[in-house]
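Notebook open, structure loaded. I want to look up an annotated site first, then a helix.

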Amino acid sequence: MPELINTTTSNLNIKNIQLLTKKYQSPFWVYDANIIRNKIKLLKQFDIIRFAQKACSNTHILKLMKKNNLKVDAVSLGEIERALFAGFKKNSNEIIFTADLFDEETLSKIIEYNIPVNAGSLDMLKQLGSISSGHHVWLRINPKFGYGHSKKTNTGGENSKHGIWDPRLALPIIKKYKLKLIGLHMHIGSGVNYEHLKKVCHAMVESVVQINKKIKFISAGGGLPIPYKFDEKPININKYFTLWDEARKKISQFLNKPIQLEIEPGRFLVAESGILVSQVRTIKKMGNKNFVLVDAGFNDLMRPTMYGSYHHISILPKDNREIEVNKTIDTVIGGPLCESGDIFTQEEGGNIQTRKLPSIKIGDYLIFHDTGAYGASMSSNYNTRPLIQEILIENNTFKVIRKRQTIKELLSLEE
């Protein structure tokens, strides 16, 4: 049988996926709840684990996080409402709203629900304070440098829109409106370079000293990577924690009070739990290139087109034949969209790449691995294609956690 899974998983196996392909129309998403729980356990050293739900915002996934004592980050009113629907409490720190601006409806609801705000701009503090004196706030600080696996995931430095450049300018606004400053947040981007991490930990300490306010929390942000390729090493969580813990201790000593250390992972918790199952519909030669086209497009999985991201691809033969893994063909994998960029094997900038894959037949299934983060949550209706279903596996039990959207449902918004 073909090699299918590149992680230590029990539920995303050939037998289960074969059952799902017989029961459900492709393409579809599958998640393994056990993998998520195991990833949560790896972060137990941190005082607070706050799930960045933008990575995978399905309410059933949020309920799983709540059940495992996580808190949640929301970056829109919709994500706030998702969190409340999943059981997270308003009038508490279970939900934090992180953004660089407010729209009027979101600001109104945040005040009504009394949700702490992680403010990325001075204007947010003014708008909040003018109508909600005493509101709990964090400052999201831009440390003036950044890092990321892509230019589009770099969240620090002068090319980033995120965060407050000079947090000292926030202090008179906080004082004027009697806002309650409870924490500082600093996140430089996706992916971890330990030298950059040392710099951001140092910048956090410097910011606390500079501001000199009796905060309760510091947040390391998210961006913890996962090994998308076989030759990539998993992040050293102990090393990551130790660097931040040392910063926390310095801050605690300076302020002469205990400080809670929060981490805000998204990808790290869910990426390896998910796969995208698609079916091969067309195979054709274009000059010297071999194209294999599947029924999933970048409207389903945006990351390769958006960032040039790599996802391991496995073959599940429809006829149960033995896959000859030692005989490979340079193959381009694309989707059904009327769009030249609808290619899953490309690098950042749009250059088409080939993948060495065994011989593929029409009707075979291609499995895109590690798609639990920024897969379904970034999906769209481009080309008027309905959103596909999401399925959660818990102890070999399948549960549809989002139904496949119908074209009728899609069109009903335009009646």
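My entries on the site and the helix follow.

Ground rules: I am working with a predicted model, where local features need pLDDT of at least 70, side-chain atom pairs count only at pLDDT 80 or more, and totals for chains, interfaces and linings use all residues. Residues are numbered from 1 along each chain as its sequence is written, and side-chain values use heavy atoms, leaving out hydrogens and water.

I checked Pro265 next and found it in the loop between strand 9 (260–263) and helix 10 (267–270); helices (H or I, at least four residues) and strands (E, at least two) are DSSP runs, numbered from the N terminus. Pro265 is buried at 0% relative accessible area (buried is under 20%, with a 1.4 Å probe and protein chains only). Beyond four places in sequence, its contacts (heavy atoms within 4.5 Å) include Leu43, Ile49, Arg50 and Gly221.

Gly266 sits in the loop between strand 9 and helix 10 and is buried at 6%. I see Gly266 touching Phe51, Ala52 and Ala55, not counting residues up to four places away in sequence.

**Helix 4.** I listed the buried residues of helix 4 (residues 77–85): Leu77, Glu79, Ile80 and Ala83. They lie on the same side of helix 4 because they cover an arc of only 160° around the axis, taken from the directions from the helix axis to the C-beta atoms. These buried residues pack against helix 3 (59–67), strand 3 (71–74), strand 4 (95–99) and helix 5 (104–113). Just after helix 4, I noted a positive phi of about 110° at Gly87.

Conventions
Buried means under 20% relative accessible area, exposed over 50%, partly exposed in between (1.4 Å probe, protein chains only).
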